[in-house]
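Colleague: I am new to reading models. Could you show me how to read contacts and charged pairs?

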Amino acid sequence: MGPPRRKVLATAEETMTPPDELQAGQQLARVIKATGNNIYSVETPSKESLLVELPARFRSTIWMRRGSYVVIDTNALEGRDNKLNGEIVNIVRDEKAWRKAPYWPKQFARQVQSAPDSSDEEESNMGKMPSSDESDA
C-alpha cells in the first residue's frame, strides 16, 4: 500500500515553489544518472560529481530524469562513514519559477538550441526503400 494521498500532495506542493534562500550547506545540482537503491549521481555548478541519497519522503512520489535539477544538502550525511556526499532535500519541478531565484547558478543557464540548417546537408537514404526507377533488370 502506498503513502496516504495527503502526504503525496503535500510533498508535491512543497517542490513546486522555490524557497526564498538556500540554507548553509545546500546547493543546486543537476542529476546525471540514477545509480540504484535511491542513490543518484549529480553534478554541481563547479562540475564536481557527487553521490547523493534520495530520502524516503520522495521515493515513489516524485520521479526525476537525467538533466533535472535538485537541491542537495552536503552537511546532512557528515557523520556517516560511506561514499555518499549528501542528501536530496528538494526537487525542482517548476523550473521556470526556480530560475528566477537569486541563488540559481549561472552555470545552469538554459542553452539556446539552434535548428540545424538542412539546406547544406544532403538527405540521407538510411532506412529508406530504394526508389522504383532504380531497378536491377
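Modeller: Start with contact: it means heavy atoms within 4.5 Å. Keep in mind that this is a predicted model.

Colleague: Which residues does Val42 touch, not counting residues up to four places away in sequence?

Modeller: Val42 touches Ala29, Arg30, Val31, Ile32, Glu48, Ser49, Leu50, Val52, Val70 and Ile72. Val42 also belongs to the largest nonpolar core, which has 14 residues. Val42, Met64, Val70, Ile72, Ile88 and Ile91 touch the most other members. Strands β1, β2, β3, β4 and β5 each supply at least two residues of this core. Another core, of 10 residues, lies apart from it and includes Trp98.

Colleague: Now the charges. How many salt bridges are found in the whole structure?

Modeller: Side chains of opposite charge can pair when their charged atoms come close. Here the search finds 4 salt bridges. In one of them, Glu43 meets Arg30 at 3.3 Å, N to O. This pair links distant parts of the chain: Glu43 is in strand β2 and Arg30 in strand β1, 13 residues apart.

Colleague: Is Glu43 buried or exposed?

Modeller: Buried means under 20% relative accessible area. Glu43 is at 18%, so it counts as buried. Arg30 is buried too, at 19%.

Colleague: Where do Glu95 and Arg99 lie?

Modeller: Both lie in helix α2, 4 residues apart, about one turn of the helix. Glu95 is partly exposed, at 25%. Arg99 is partly exposed, at 21%.

Definitions and conventions. Residues are numbered from 1 along each chain as its sequence is written. This is a predicted model: local features need pLDDT of at least 70, side-chain atom pairs count only at pLDDT 80 or more; totals for chains, interfaces and linings use all residues. Side-chain values use heavy atoms; hydrogens and water are left out. Buried means under 20% relative accessible area, exposed over 50%, partly exposed in between (1.4 Å probe, protein chains only). A nonpolar core is a set of buried Ala, Val, Leu, Ile, Met, Phe, Trp, Tyr and Cys residues joined through side-chain atoms within 4.5 Å. A salt bridge is a side-chain nitrogen of Lys or Arg within 4 Å of a carboxyl oxygen of Asp or Glu.
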